[in-house]
Every structure is written in C-alpha cells, then in structure tokens.
Amino acid sequence: MKVAVAGCCHGALEKMYETLELLQRRHNVRPDLLLCCGDFQAVRNEADLRCMAVPAKYRHMESFYRYYSGEKKAPVLTVFIGGNHEASNHLQELPYGGWVAPNIYYLGYAGVVRFRGVRIGGISGIFKSHDYRKGHFECPPYNQQTIRSAYHVRNIEVFKLKQLKRPIDIFMSHDWPRSIYHYGNKQQLLKMKSFFRQEVESNTLGSPAASELLHHLKPTYWFSAHLHVKFAAFMQHQATSKEELPKATKFLALDKCLPHRDFLQIVDIEHDPTAGDSLEYDAEWIAVLKATNSLVNVTQSSWNLPENNGLHARWDYSATEEAIKEVLEELNHNLQIPCNFTLTAACYDPSKPQKHMQPVHTINPQTTEFCAQFGLTDINARIQQAKEESSVRGGYEEDEEEEEMDSTGSAEEPSDYNTDNSGLSSINPDEILLDEEGGDEDLSTCSVDPSPDHPPDFSASFSDIRIMPDSMVELERAGESKQVEEKSLNERPLKRVGGNENGNSGIKIKRRNQAIYAAEDEDKPE
C-alpha cells in the first residue's frame with residue numbers, strides 16, 4: 001500500500017489534503033494512509049490557541065476546526081503524533097490516543113496501532129532531560145512552565161514501548177533519534193546547515209530517548225520532523241543474539257508543510273491484502289498498557305522506573321502470549337478501533353470570535369470508554385482527583401511551586417542522559433525568541449540533496465511526490481562501517497555538557513526562527 005508521510009503540519013490540513021488530491025490528478029497516485037510526524041496543531045477554538053507554546057503573533061486558527069466541526073472530512077485516514085507546538089489541552093484529553101476529528105487519529109503520548117496488517121508506533125513530544133523522569137502532571141490552565149513541559153517526553157512512555165517484542169513496521173517521533181545523522185549524508189547536511197556542526201560532532205543533536213527506542217525496536221521505517229529539513233539515513237542494526245535475523249531501519253526526516261515545498265513523501269509498504277481497511281488496536285500494545293497500569297504517575301516528582309538492578313521485584317512488563325490472547329478474547333477478536341469521535345469543546349466560529357475563551361481540563365468520553373474497556377487508569381481523572389485532594393489539604397499551589405523550582409534540575413538526581421538538546425544550541429540567525437524556552441528548536445527549511453558518491457539504495461521504496469530526482473540519499477552499502485562508528489560513539493562515557501564547556505561562558509542562546517510557524521513570514525517581501 002502507499003503511505004504518505006508529512007513533517008510538521010502546523011495546522012495546514014487543507015494544504016496537505018489538496019496536495020494529495022493534486023498528486024492523484026497528476027500522477028494517478030492515491031495514498032491509502034497519511035502519517036504526520038508532529039506539530040499537527042489540532043486547534044478547535046481560541047482557548048486551544050492559548051495552550052500552544054508559541055508567541056502570540058503565531059497563534060493562527062488555520063483549518064483544523066473545519067474538520068473538527070464536520071464541515072470538512074479528511075479524504076484519507078490520517079494518523080499523527082504530537083510535537084512541541086500543539087494545542088496541548090486538546091491532545092491531553094487522549095493520553096492513550098483517539099479521534100480528534102472523523103478520520104483523523106492521534107496516537108497519544110505513545111501508541112501502537114495496525115492498518116492493513118502494518119504495525120505503526122509512535123511517541124509524541126520532544127525530549128528534555130529535566131522533565132523526562134516526571135509523571136504526566138500538567139493540566140489546563142497551564143502556566144509558563146507547564147505549557148511547555150506538557151509536551152516533553154516522559155520515561156514511562158519509553159519504558160512501555162521497550163516492552164514490545166514483536167516487530168514494528170513503522171515508527172514516528174517528532175525529534176530525531178540522536179546519532180541518526182551518522183548514517184546518512186552527514187557532510188552535505190552540515191554543508192547546508194552549518195549550525196548543526198557543533199551538536200553533530202559532539203553527538204548531542206536529537207533525542208537520546210528516541211535513539212534508545214530505535215536500537216530496541218529496530219523498525220523497518222522511522223519517520224521524524226521537528227528540524228524542518230529533509231534528510232535520509234540507513235541504519236544496519238547489530239544482532240543481539242545468534243538467532244536474531246539482521247535488521248535495518250530506513251530513516252526519513254520531513255520538511256514542514258508549505259506551498260512549493262517538498263514536504264510529503266510517498267512510501268510503498270508491504271501489507272496484508274486480506275486485512276480490512278479499518279484502523280485497529282494492537283493486541284500486544286494493549287497488553288503492555290494493562291501490565292504497566294500500576295506505574296501510572298501524575299506527580300511532578302522525578303522517579304526511576306523498574307530495572308534489573310536488584311532493587312525491584314519486577315522489571316519485565318512485556319506481554320506474554322497468554323496476556324495477548326486474553327486481550328483478543330476480551331475484544332472477541334475484533335480489533336477495529338470504534339469510530340467514537342465526540343465533540344468536547346466549542347468549535348471556532350469566524351462570525352463570533354471569542355478572544356477571551358479560557359481552556360478547561362476535560363475528560364474525553366473516548367478515554368473514559370477505552371480505560372473502562374481495558375481496566376486502565378484515566379490519567380486526566382487521576383490528575384483531577386489529585387488536585388481535589390490537594391485542594392482539600394490546601395497545599396496544591398505550594399506543592400506545585402516547590403516542584404517547579406525542581407524543574408531546573410537543582411534538586412533532582414542526575415539525568416539518565418547527558419544533555420537535553422533535542423535540537424540545536426548553536427546560533428541560527430533566522431530564529432525567533434520563545435520566552436522561557438531555550439530548547440524548542442525548529443530550524444529554517446531545506447532539503448539535503450544526494451551526493452554523487454552516495455547513491456540511494458532504496459529509492460524504489462521512497463518516491464517523492466514532486467518527482468525530485470534521487471531525493472533519498474542512503475548509505476546502505478556503508479552500513480557496516482557506520483555501525484562501527486556508532487559503536488565507538490556509544491562506548492564514550494556519558495558527560496553532562498555545561499555552558500562553559502561549549503565556550504559560551506554559561507550564556508544560553510535562545511532561538512529566533514521566523515520561518516517556523518507562519519509561511520507568510522517567508523514569502524512576504526520585507
């Protein structure tokens with residue numbers, strides 16, 4: 001089947017779907033599925049805009065509300081993950097995933113689904129070490145800290161995904177897995193974007209959590225966005241046992257959605273021709289959710305998940321065949337995800353703007369139904385319960401303030417990772433300032449063209465909709481040498497990188513990318 005993959009959508013759904021329709025008219029290619037790798041911006045109304053961590057001038061309504069209201073319907077099944085510029089209050093209603101509009105499905109904080117026999121997984125948000133070991137405690141109305149921490153990846157989601165044993169066909173993350181740039185045309189990437197150099201050479205560009213998942217899951221395809229640059233890589237994995245068959249991952253990072261940009265990619269994926277056309281639950285993933293339900297944490301306290309270190313009675317929460325069988329029996333072997341989309345907020349009305357609409361913490365019926373069906377904890381209900389209990393004690397605000405001080409890292413134990421750079425800390429003269437957030441890095445757009453020395457080895461699998469020749473640069477033939485390079489990187493001792501070590505005397509540079517959120521800023525003459 002043909003799968004269309006998009007990078008940062010930034011709410012421009014109409015542009016994406018119009019491009020797909022144009023593709024069908026001009027080339028007779030109709031994708032069966034659309035995947036979006038974050039910054040989807042499912043904004044329903046003015047209150048949702050207030051929950052996006054962007055400067056006020058970039059809070060545009062765009063077109064999602066038309067799909068939410070039913071005025072329009074997505075012409076192709078769309079599955080997406082969250083990024084770092086989202087209506088966090090909306091996505092938070094669906095921590096385990098669900099429909100944000102008819103035919104548009106959100107994977108949740110982390111999730112796995114099936115479509116035509118193809119197993120699709122993903123993790124939402126971006127990595128920040130100071131929030132990584134906290135629970136999902138945020139809820140609207142957000143403050144200056146929680147509006148950003150709400151979309152930071154948590155260790156519990158990575159832990160759940162690492163319990164998976166069965167093969168994954170496609171995996172999505174918003175930020176790139178750290179080190180993936182060593183498996184593509186790195187020289188040309190640095191030639192096009194020289195301000196990547198410091199992080200690439202120090203191996204701090206990208207998410208260490210995503211890299212951990214890449215090495216564990218070894219999916220056939222991995223798609224990312226966030227950095228607004230198209231880049232391809234091919235990673236040959238090392239077998240962990242004699243019985244394990246050789247595996248490789250084809251990585252592709254997508255550009256952002258803009259007119260006249262190469263922002264969509266069509267991928268031919270092997271599928272089960274006997275499978276139906278409905279989106280389905282994944283039985284192993286449901287079994288993992290049930291097994292890890294006792295680990296749900298809605299506090300701001302940093303915590304370590306169970307591991308085989310002699311301190312925990314149990315550390316393996318992977319699903320047994322018996323547990324997977326029980327899930328199938330609970331569903332009567334009908335894994336189809338119900339089309340139970342429900343409006344949970346007022347929809348934007350251009351004729352009656354409500355600029356002062358405030359966000360509220362909402363319990364979504366889809367989540368209630370999902371949790372009841374599988375015996376899971378409704379995270380939002382647990383958060384509300386914790387707030388009510390703390391309010392009775394009169395200590396919620398004080399506790400929150402104390403924990404916010406901890407978020408700087410001063411009172412935490414050392415992070416599992418040596419840095420929180422999911423993007424860049426180098427100077428990019430085109431970037432805009434995000435108040436209080438020095439690390440949500442989105443870069444100006446470009447595509448990395450292939451080097452004549454590195455012809456693509458799987459161009460047949462990736463076909464560019466703009467018919468750009470050799471747009472996918474891969475180094476499969478150099479896989480073995482790259483694996484040696486990666487091994488040497490992994491063997492380096494972890495070290496916390498401070499400001500003085502980077503030669504900036506402790507000064508934290510903030511981002512100033514004017515091309516991130518609004519296409520008109522790029523296209524208008526000054």
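# Close-up views of a predicted model

**View 1. Helix α1 and its packing partners.** The buried residues of α1 pack against β1 (2-6), β2 (33-36), α3 (64-69), β3 (78-80), β5 (104-106) and β12 (264-268), where contact means heavy atoms within 4.5 Å. This is a predicted model, in which local features need pLDDT of at least 70 and side-chain atom pairs count only at pLDDT 80 or more, while totals for chains, interfaces and linings use all residues. Residues are numbered from 1 along each chain as its sequence is written, and side-chain values use heavy atoms, with hydrogens and water left out. Helices (H or I, at least four residues) and strands (E, at least two) are DSSP runs, numbered from the N terminus. The buried set in α1 is Leu13, Glu14, Met16, Tyr17, Thr19, Leu20 and Leu23. Buried means under 20% relative accessible area, exposed means over 50%, and partly exposed is in between (1.4 Å probe, protein chains only). How far apart are the end C-alpha atoms of helix α1? They sit 21 Å apart, which agrees with the 21 Å that its 15 residues (13-27) should span at 1.5 Å a residue; the expected span is 1.5 Å times one less than the number of residues.

View 2. Most residues other than glycine have a negative phi, and most peptide bonds are trans. Asn28 belongs to the loop between α1 and β2. Is Asn28 buried or exposed? With 69% relative accessibility, Asn28 counts as exposed.

**View 3. His226, another positive phi.** Here phi is near 70°, again a positive value in a residue other than glycine. His226 is found in the loop between β9 (221-224) and β10 (229-237). Its relative accessibility is 0%, so His226 counts as buried.

**View 4. The cis bond at Pro140 and Pro141.** These two prolines are joined by a cis peptide bond, with omega at about 0°. Look for Pro141 in the loop between α5 (129-132) and α6 (146-149).

**View 5. Lys72 reaching Glu14.** The side chains of Lys72 and Glu14 meet in a salt bridge, 2.7 Å from N to O. Lys72 is in the loop between α3 and β3 and Glu14 is in helix α1, so the pair ties together parts that are 58 residues apart in sequence. For the term itself, a salt bridge is a side-chain nitrogen of Lys or Arg within 4 Å of a carboxyl oxygen of Asp or Glu. Side chains of opposite charge can pair when their charged atoms come close. Lys72 counts as partly exposed, at 32% relative accessibility. A search of the whole structure turns up 18 salt bridges.

**View 6. Arg44 with Asp48.** The closest N and O atoms of this salt bridge are 2.7 Å apart. What is the relative accessible area of Arg44? It is 2%, so Arg44 is buried. Asp48 is buried as well, at 1% relative accessibility.

View 7. Arg197 is partly exposed, with a relative accessible area of 37%, and Glu201 is exposed, with 54%. Elsewhere, salt bridges that share partners join Glu14, Arg66, Glu71 and Lys72 into one network.

**View 8. Strand β11 and its neighbours.** Five of the seven residues of β11 (247-253) are buried, leaving the strand mostly covered. Which way does β11 run relative to β9, parallel or antiparallel? The two pair in the parallel sense over four bridges, with Ser224 standing opposite Ala253 in β11. β10 and β11 run antiparallel and are joined by seven bridges; here Gln236 stands opposite Ala248 in β11. Two strands pair if DSSP finds at least two bridges between them.

**View 9. The nonpolar cores.** The largest core has 116 residues, and Phe40, Ile104 and Phe223 touch the most other members. Helix α11 (residues 283-291) gives the largest share of this core, six residues. Apart from it lies another core, of eight residues, among them Val43, Leu49, Tyr65 and Ala87. A nonpolar core is a set of buried Ala, Val, Leu, Ile, Met, Phe, Trp, Tyr and Cys residues joined through side-chain atoms within 4.5 Å.
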